[in-house]
Amino acid sequence: WAYSVQQTSDGGYIVAGYTLSFGAGSWDIFLLKTDASGNLQWAKTFGGSSVEMTFSVQQTSDGGYIVAGITNSFGAGDWDVFLLKTNASGNLQWAKTFGGSSYDEARSVQQTSDGGYIVAVYTGSFGAGSGDVFLLKTDASGNLQWAKTFGGSNNEIALSVQQTSDGGYIVAGYTESFGAGYTDIFLLKINASGNLQWAKTFGGSSYDRAYSVQQTSDGGYIVAGETSSFGAGNYDVFLLKTDASGNLQWARTFGGSNGDYAYSVRQTSDGGYIVAGYTLSFGAGSRDAFLLKINASGNLQWAKTFGGSSYDEARSVRQTSDGGYIVAGRTGSFGAGYSDVFLLKTNANGNIGTCAIVGSPTPT
């Protein structure tokens, strides 16, 4: 499975997820580096005798990589936060665990302007409820500087974090303690010291969840996730744009009569947005990777599906230096195993492009 992708400074790509095919344990962290054409340069696994998974990777200022996830092999509790730093060749420089006696899962990591790291965590070990948002700030060596929890009497889950232009942080996920429905989108603005500045909920009477957030060029925020409160189907892609104070500017749903889900959003160079997830409403198989291009006002410009007769999912998208997009996820339609890492490169219009068949009378 692949959960996170980023273009690297050499024009290639770094991909992070987890594997049951390789490594030391039942599941291991899987880190892949490709060149600009998607050819594998190296692959690394990290883990112990039990389960390790990762959901987030970022290239660091020294050319290496920071990886965040969970471990069941190491640490203090049942599951602990697992933070790994590698060099540019994927060799481990250090690994840290954070957590208590229960469940602690890191879902998002970013290097901060001081060279350290901010990590968004779901914790069952600390906080006020059965599960709380847990925000960890470390220095460049992975040593904890501060940790904060946010939440109520039920579950709050953090799935995405980014440092903001003022040195603070924006965090997105969902809440069962606050809001209008069973779960609502939970958006929190934190200052540089980890103190809450504001919190907002968005949603209706049913289930609404956010998986990805990014600060936009106007100082506001774009949030992507899923909704069963609004839209055309069982679940629809849910895209929200707020101002810098978290006030809603617009909300859009995209989807058909079945389930449609968004896991990643990025602002694009034209001021619009690229969204990746998967769809059960459209495409060729039981579920297909779903890529949507939205303009700055939230209107759909185009939508693409990718997949075969089985299941295919997109979990992460980034715009690339040539104006196109890199997409990572998993596929059950193609590859060698039950589920393989799926890496797609498209042009600016979402097309994979042409293929020359050598020896064909009419190459296509």
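Hi everyone. Let me start with a term: a residue counts as buried when its relative accessible area is under 20%, as exposed when it is over 50%, and as partly exposed in between. Lysine 345, at 27% relative accessibility, is therefore partly exposed. Please keep in mind throughout that this is a predicted model.

Let's stay with that lysine for a moment. Its salt-bridge partner is aspartate 322, and the closest N and O atoms are 3.1 Å apart. This pair links distant parts of the chain: aspartate 322 sits in the loop between strand S25 (312-319) and strand S26 (325-331), while lysine 345 belongs to strand S27 (residues 340-346), 23 residues apart. And is aspartate 322 buried or exposed? Aspartate 322 counts as exposed, because its relative accessibility is 57%.

The structure holds 12 salt bridges, and I'd like to show you a couple of others. Arginine 209 and glutamate 226 meet through their side chains, at 2.7 Å from N to O. Arginine 209 lies in strand S17 (residues 208-215) and glutamate 226 in strand S18 (residues 221-227), so the pair ties together parts that are 17 residues apart in sequence. Here both ends are covered: arginine 209 is buried, with a relative accessible area of 17%, and glutamate 226 is buried too, with 4%.

Next, have a look at glutamate 105, whose side chain meets that of arginine 107 in a salt bridge of 2.8 Å, N to O. Glutamate 105 has 9% relative accessibility, so this residue counts as buried. There is also a salt-bridge network, and which residues does it link? Its members are Arg287, Glu313, Arg315 and Arg330.

Now on to the strands. If you turn to the open sheet of 4 strands, you'll find the order S5-S6-S7-S8, with antiparallel pairing. Strand S5 (52-59) and strand S8 (92-98) are at the edges; each has a single partner strand, so one side of each is left without a neighbour in the sheet. From one strand to the next, the twist averages 20°.

Let's walk through part of that sheet. S5 pairs with strand S6 (residues 65-71) over 7 bridges, in the antiparallel sense. What do S5 and S6 form together? They form a hairpin, with 5 residues between the strands, and glycine 63 in the turn has a positive phi of about 90°.

S6 also pairs with strand S7 (residues 80-86), again antiparallel and over 7 bridges. On this side, tyrosine 65 has threonine 86 in S7 as its bridge partner. As for cover, S6 is mostly covered, with 7 of its 7 residues buried.

My last stop is another hairpin, made by S13 and S14, with 5 residues between them. Check the turn here as well: glycine 167 has a positive phi of about 90°. The two strands run antiparallel, and 7 bridges join S13 to strand S14 (residues 169-175). A handy landmark is alanine 158, which stands opposite glycine 173 in S14. How many residues of strand S13 (residues 156-163) are buried? The count is 8 of its 8, which makes S13 mostly covered.

How values were computed:
Residues numbered from 1 in each chain as written. Predicted model: local features only at pLDDT ≥ 70, side-chain atom pairs only at ≥ 80, totals over all residues. Heavy atoms only, no water. Buried < 20%, exposed > 50% of the residue type's maximum accessible area, 1.4 Å probe, protein only. Pairing = 2+ DSSP bridges. Axes fitted to C-alpha atoms, helices over the stretch in contact; angles between N-to-C directions. Salt bridge = Lys/Arg side-chain N within 4 Å of Asp/Glu carboxyl O.
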